[in-house]
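Hi,

Here is the structure I promised to pass on. Please have a look at it, and then read on for what turned up.

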Amino acid sequence: MDVLISCMDYRLSRYLENRADIIIRNAGGVIYDIIEKIKSLKPDRIIYMPHSDCAAMKLAGRILNNDVECDFDVYKHLAVHFKGVSDMERYNYEHGLSLLKEYFNNVHGEFIDTKAIEWPARRPYYKLLKSSDKYDDLYGYYIIQAPDQSWVEKDIKIAKMLGLSEK
């Protein structure tokens, strides 16, 4: 079974669809809080695909700079892993990929350049999906996707901090 981990960003849906049996999408493609849950899936292969121009990474930077307030759960889930704003997206990718390789044998990583992919118009909503759900008519929505909602509770808070409404 292939497991793909990426961000909830609306621009990624067409690029990510049909690439894995199980898709996990959260704020920033952050894996730190879900590594144990990923282990429980016993994947044959992990595909890790965070991206450039990430709103979650920008939010983490604003939290670190004290430009925005958040509860401790969001801070711990998103911002605590970073030392500063510079190169945060690349650091998230490299550190996340390295961490996955500590636990799994078959890990493939790709850093998606959002300027190089075709993406739909943005809709200011997020949609919570199960990890095997398809994106029919959801292009433009931010997609939070996991085997069950307990994996992404903090990501739902982050979506709301980004001004998204549930659809």
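The protein holds 6 helices and 7 strands, counted as DSSP runs (H or I of at least four residues for helices, E of at least two for strands) and numbered from the N terminus. From the N terminus, their order is β-α-β-α-β-α-α-α-β-β-β-α-β.

This is a predicted model, in which local features need pLDDT of at least 70, side-chain atom pairs count only at pLDDT 80 or more, and totals for chains, interfaces and linings use all residues. Residues are numbered from 1 along each chain as its sequence is written, and side-chain values use heavy atoms, with hydrogens and water left out.

On overall dimensions, the C-alpha atoms fill a box of roughly 40 × 35 × 30 Å along the principal axes. Buried residues account for 49% of the 167 residues, where buried means under 20% relative accessible area with a 1.4 Å probe, protein chains only.

Helix α3 (residues 55-64) packs against helix α5 (residues 88-103) at about 110°, with the axes 9 Å apart; axes are lines fitted to C-alpha atoms over the stretch in contact, and angles run from 0 to 180 degrees between N-to-C directions. The two helices are therefore roughly perpendicular, a label for angles of 65 to 115 degrees. M57, A60, G61 and L64 of α3 meet M88, E89 and N92 of α5, contact meaning heavy atoms within 4.5 Å.

Lastly, T114 sits in the loop between β4 (107-109) and β5 (125-130). T114 counts as buried because its relative accessibility is 3%. Leaving aside residues up to four places away in sequence, T114 touches R11, L12, H51, S52, D53 and W119.

Best wishes

Methods
Angles under 35 degrees count as roughly parallel, over 145 as roughly antiparallel, 65 to 115 as roughly perpendicular and the rest as oblique. Buried means under 20% relative accessible area, exposed over 50%, partly exposed in between (1.4 Å probe, protein chains only).
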